[in-house]
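Please read the following report alongside the sequence and the coordinates.

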Amino acid sequence: YAGKTRDQLFAQRIRQMKVKDYKAVPVVMTEEASVYEAICNMFLEDVGTLYIVREGAILSGVCSRKDLLKSSMGKQDLNAVPVSVVMTRMPNIVTCFPEESLFDAASKIIQYQVDSLPVVKPAEKDSDQLEVVGRITKTTITKAFVELGEGRETV
Ligand code: ADP
């Protein structure tokens, strides 16, 4: 045990859990989609956050429930408002990488007070751009926590 306490070993075990092994499938829409379409999609796909992409999978923004609620409060025609107007934009998006620990992702969710983080990797065409490959949410973290408690982690 190399002099490690039980708690240190447990912390080490937790930090070995990687984002790539727990990430969920992202639900994405294009910048041109309307707020109305975004609301429908959020219900249909049963997610709390939509990722907005351009050129296939390049991360452009994040649209949460509250973003959609806020934009529905006025008298605008929701079919006429593009989701890109109400989303939070790059570079202000907090992301995580597949090789990062789930613990680091969970810490960012707490620190930045958001419900989810897009899992990204540098785009093949242009490494300055980020491509969305997954989603880490409070549900992901809760599932991992339950697995830990049951002593049956996936990895
Ligand atoms: P909700 O709005 O439903 O409470 P969040 O707490 O996730 O959901 O979102 C709060 C605000 O933060 C929203 O304006 C949303 O666009 C933005 N947001 C959500 N996720 C992220 C993220 N990963 N990085 C930056 N901003 C985000």
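## Basis and overall architecture

This is a predicted model, in which local features need pLDDT of at least 70 and side-chain atom pairs count only at pLDDT 80 or more, whereas totals for chains, interfaces and linings use all residues. Residues are numbered from 1 along each chain as its sequence is written.

The chain holds 7 helices and 6 strands, where helices (H or I, at least four residues) and strands (E, at least two) are DSSP runs numbered from the N terminus. Read from the N terminus, these elements follow the order α-α-β-α-β-β-α-α-β-α-β-β-α. The C-alpha trace spans about 65 × 35 × 25 Å along its principal axes. Of the 155 residues in the chain, 28% are buried; a residue is buried if 20 or more other C-beta atoms lie within 10 Å of its own, exposed if 12 or fewer, and partly exposed in between, with C-beta atoms placed from the backbone. Among contacts with a separation of 6 or more, 59% join residues 24 or more positions apart, a contact being two residues whose C-beta atoms, placed from the backbone, lie within 7 Å.

Leaving aside residues up to four places away in sequence, the contacts of valine 83 include Ile52 and Cys63.

Strand S6 (residues 130-137) is largely enclosed by the rest of the structure, because 6 of its 8 residues are buried. S6 pairs with S5 in the antiparallel sense over 7 bridges, pairing being defined by at least two DSSP bridges between two strands. Within this arrangement, lysine 121 has glutamate 131 in S6 as its bridge partner.

## Helix H6

The buried residues of H6 are Leu102, Ala105, Ala106 and Ile109. They lie on the same side of H6, because they cover an arc of only 100 degrees around the axis, the arc being that of the directions from the helix axis to the C-beta atoms. Their cover includes H2, S5, S6 and helix H7 (138-150), while Ser107 and Gln111 are exposed on the other side of H6.

## Ligand shell

Around the ligand there are 15 residues, and Ser64, Arg65, Lys66, Thr88 and Asp115 come nearest; a residue is near a molecule if its C-beta atom, placed from the backbone, lies within 6 Å of it. Strand S3 (58-64), helix H4 (65-71) and strand S5 (116-122) are the elements that give two or more residues to this shell, and H4 provides the largest share, 3 residues.

## Backbone exceptions

Most residues other than glycine have a negative phi, and most peptide bonds are trans. Methionine 90 and proline 91 are joined by a cis peptide bond with omega of about 5 degrees, and proline 91 lies in the loop between strand S4 (88-89) and helix H6 (102-111).

Aspartate 46 has a positive phi near 55 degrees and sits in the loop between helix H3 (35-45) and strand S2 (49-54). Aspartate 46 counts as exposed because it has 7 C-beta neighbours inside 10 Å. Glutamate 55, in the loop between S2 and S3, has a positive phi near 45 degrees.
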